[in-house]
Amino acid sequence: MKYNIVYFSRTGVSKMVAETIANGIDNEVIEITDDKNWNGILGFIKGGFYASTDKQVSIKVDGEIDRTKDYIVVSPLWAGGPAPAIRRFLKEVPFNKVKLVITCDGSNVEKSIKKFEDKHGKFKESYGIVKHENNEEQIIKQIIDASK
């Protein structure tokens, strides 16, 4: 099955994860960008505020979305949920067609995803790639195997 593999990345980690998954299932990636500058400490603070208050951003989808396909959506964890650009994108797609992949340094991803799902709806599948758990290769392999 082919997927819409979409990602937002501020530091490049989520981009690398999306590209690795795409290569593993012979698929293309689609970048989601927004209209904000998240650089530096002020960008970090602003990002946390936007994410925690569900403040909307305008997004640009760099590619073709095929609404008949399921989605693999890769996002960094910002203030307990996906980044604002991904939150905005998720408003346009059915959650039951989304495999959400959250990347972070050390937060409790499962708790964050459950809290987000309780408020917005249940994902088809969800995964957490946590830097301090050193689980990146294992989780990416699991996603690839489940998506072939």
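The entries below concern a predicted model.

**Entry 1: Lys-97.** I located Lys-97 in the loop between α3 (84–90) and β6 (98–104). I then asked which side chain of opposite charge is nearest to Lys-97. It is Asp-70, 4.3 Å away. Because a salt bridge requires a side-chain nitrogen within 4 Å of a carboxyl oxygen, I record none for Lys-97, although the residue is buried. I did find that the side chain of Lys-97 reaches the backbone oxygen of Arg-67 at 2.9 Å. Leaving aside residues up to four places away in sequence, I list Arg-67, Thr-68, Lys-69, Asp-70, Tyr-71 and Lys-124 as touching Lys-97.

**Entry 2: Asp-70 and Lys-124.** I turned to two residues from that list. The side chains of Asp-70 and Lys-124 meet in a salt bridge, at 2.4 Å from N to O. This pair links distant parts of the chain, with Lys-124 in the loop between α4 and β7 and Asp-70 in strand β4, 54 residues apart. I noted Asp-70 as buried, because its relative accessibility is 9%. Lys-124, at 39%, counts as partly exposed.

**Entry 3: strand β6.** I checked how many residues of β6 are buried, and the result is 7 of 7. Val-98, Leu-100, Ile-102 and Cys-104 point one way, whereas Lys-99, Val-101 and Thr-103 point the other way. I recall that side chains in a regular strand alternate between the two faces of the sheet. For the neighbours, I found that β4 (residues 70–78) pairs with β6 in the parallel sense over 6 bridges, and that β6 pairs with β7 (residues 125–130) in the parallel sense, also over 6 bridges. I also noted that β6, helix α4 (residues 109–120) and β7 make a right-handed β-α-β unit.

**Entry 4: Lys-99.** I followed Lys-99 into both pairings: it is the bridge partner of Ile-72, and its own bridge partner in β7 is Glu-125. Lys-99 also forms a salt bridge with Glu-125, the closest N and O atoms being 3.8 Å apart. Lys-99 lies in β6 and Glu-125 in β7, so the pair ties together parts that are 26 residues apart in sequence. Lys-99 counts as buried at 1% relative accessibility, and Glu-125 as partly exposed at 25%.

**Entry 5: salt bridges overall.** I asked how many salt bridges the model holds, and the count comes to 9. One of them joins Asp-54 and Lys-91, with the closest N and O atoms 3.8 Å apart. I recorded that Asp-54, Arg-87 and Lys-91 are linked in a network of salt bridges.

Note on methods:
Residues are numbered from 1 along each chain as its sequence is written. This is a predicted model: local features need pLDDT of at least 70, side-chain atom pairs count only at pLDDT 80 or more; totals for chains, interfaces and linings use all residues. Side-chain values use heavy atoms; hydrogens and water are left out. Helices (H or I, at least four residues) and strands (E, at least two) are DSSP runs, numbered from the N terminus. Buried means under 20% relative accessible area, exposed over 50%, partly exposed in between (1.4 Å probe, protein chains only). Lys and Arg count as positive and Asp and Glu as negative; His and the chain ends are not counted. A polar contact is a pair of N or O atoms within 3.5 Å; within protein, one must be able to donate a hydrogen and the other to accept it, and residues adjacent in sequence count only if both atoms are side-chain atoms. Contact means heavy atoms within 4.5 Å. Two strands pair if DSSP finds at least two bridges between them. A crossover is right-handed if, with the strands pointing away from the viewer, the path from the first strand over the helix to the second runs clockwise.
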